[in-house]
Amino acid sequence: MSPDAASGVDPGGGGMRAAVIHRYGGPEEFRAETVPEPVAGPGQVLIDVTLAGLNYADLHCRTGEYARYPLPAVLGADVVGRRRGDGRRVAALLRSGGGYAQVARAEAAHTVELPDGVDDEQALALLEQGATAYAALTLAGRLRPGETVAVTAAAGGVGHLAVQLARELGAGRVLALASTPAKREFVRALGADRTLDPGDPELAERLAAGSEPGGVDLFVDLVGGRVLRVGLDALAPFGRLLSVGSRGGVEESFSVDELADRSAGLVGFWLQHVLADRVLFAGIAERLFRLAADGRLVARIDRTVPLSGVAGAHRALARRETMGKVLVDVHRED
């Protein structure tokens, strides 16, 4: 969302505080500023934001690699707060940014009401990353009870939920790949049967040793790069290599013959296809919130930063220093 009239804000309306970029570049481009509030169009709602979320894709939005919004721009893809008009507590996914602000404009179809048993922090940490993890495992990965699942970036916002959800969905064994001893201990406590270092030169052998005889049934990759090749090598016959993210920066390609040799599948996943189906999106959100209310799914909050801390949070995400979800308290500035 860009804070100007051309992108749906009212220059004569009330002001709000937001973390704004005036050009694409590094984290230092963020400034806490007063900008006009957005205006809701047909099929849209305004949300008085309590917390906004950070996602790894935000880093690419900041540099202009993922999406280029009109400048100056407010980034941020998920928020929780109160819906104007009825005051109901809601969470929303924002396909055009605008989350790092005190007021956000969302598509009504991408907004869900929150149950009393789930607080704002958990709801926000679960909606974007939880929906990604759940839909990737069930719709794209087609996980079946008893199968062995491996998850890369397992201590991250999506990964740590995927570890828990794989167990909840009946996986026989869950193997978690995480880059530091602290992260591996964290995902072990979440229920991973075995934790592995993705930098280990013998990773493929260790994946095979940690799985049931025959290899990994579902390899959920949130990183990209060389680990995809390792994942393919570790697959059991009829296994699936599921690509959800590409932080690795190095593309891998596979021949049809390589897949056929293992009767393996290569599958991609994009949350946009879930959002395109309101009934599907709302149903997944309801399932996630029910699991959270029952204490069977817990999102880790790594840190909550003020508007002035967005730049530092971007740096921490880029350095992979975080575990779980990073939040922004849009009503704090220092």
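**View 1. Arg300 over the ring of Phe186.** In this predicted model, Arg300 sits over the face of Phe186. The distance to the ring centre is 5.0 Å.

**View 2. Phe30 and Tyr100, a tilted aromatic pair.** The count of aromatic pairs comes to 1. Here the ring centres of Phe30 and Tyr100 are 5.9 Å apart, and the planes meet at 55°, so the pair is tilted. For a pair to count as edge-to-face the planes would have to be over 60 degrees apart. The two partners come from distant parts of the chain, 70 residues apart: Phe30 belongs to strand β2 (residues 30-36), while Tyr100 is in the loop between β6 (89-93) and β7. Buried or exposed? Both Phe30 and Tyr100 are buried.

**View 3. Strand β3 and its pairing partners.** Follow its pairings one by one. With strand β7 (residues 103-107), β3 runs antiparallel, joined by 5 bridges. With β5, the pairing is again antiparallel and takes in 5 bridges. With strand β16 (residues 325-329), there are 4 bridges, also in the antiparallel sense.

**View 4. Asp78, tucked away at 0% relative accessibility.** Asp78 is part of strand β5, which spans residues 78-83. Its relative accessibility is 0%, which is why Asp78 counts as buried; the cut-off for that label is under 20%. Side chain to side chain, Asp78 makes a polar contact with Asn55 at 3.1 Å. Who else is around, once neighbours within four places in sequence are set aside? Asp78 is in contact with Ala52, Gly53, Leu54 and Asn55, with Ala92 and Leu93, with Leu124, Glu128 and Gln129, and with Lys325.

**View 5. The cis peptide bond between Leu71 and Pro72.** Zoom in on the backbone here: the bond joining Leu71 and Pro72 is cis, with omega at about -5°. As for where this happens, Pro72 lies in the loop that runs between α1 (56-63) and β4 (73-74).

**View 6. Ala153, a loop residue with positive phi.** Ala153 isn't a glycine, yet its phi is positive, near 45°. You'll find Ala153 in the loop between β9 (148-151) and α3 (159-168). With a relative accessible area of 22%, Ala153 counts as partly exposed, because the buried label needs a value under 20%.

**View 7. Phe238, positive phi within a strand.** Phe238 also isn't a glycine, and its phi is positive too, near 70°. Where does Phe238 sit? It is found in strand β13, residues 235-243. Buried or exposed? Phe238 counts as exposed, because its relative accessibility is 59% and the cut-off for exposed is over 50%.

How values were computed:
Residues are numbered from 1 along each chain as its sequence is written. This is a predicted model: local features need pLDDT of at least 70, side-chain atom pairs count only at pLDDT 80 or more; totals for chains, interfaces and linings use all residues. Side-chain values use heavy atoms; hydrogens and water are left out. Helices (H or I, at least four residues) and strands (E, at least two) are DSSP runs, numbered from the N terminus. Buried means under 20% relative accessible area, exposed over 50%, partly exposed in between (1.4 Å probe, protein chains only). A polar contact is a pair of N or O atoms within 3.5 Å; within protein, one must be able to donate a hydrogen and the other to accept it, and residues adjacent in sequence count only if both atoms are side-chain atoms. Contact means heavy atoms within 4.5 Å. Two strands pair if DSSP finds at least two bridges between them. Rings of Phe, Tyr and Trp (its six-membered ring) pair if their centres lie within 6.5 Å; planes under 30 degrees apart count as stacked, over 60 as edge-to-face and the rest as tilted. A charge sits over a ring if NZ of Lys or CZ of Arg is within 6 Å of the ring centre and within 35 degrees of the ring normal.
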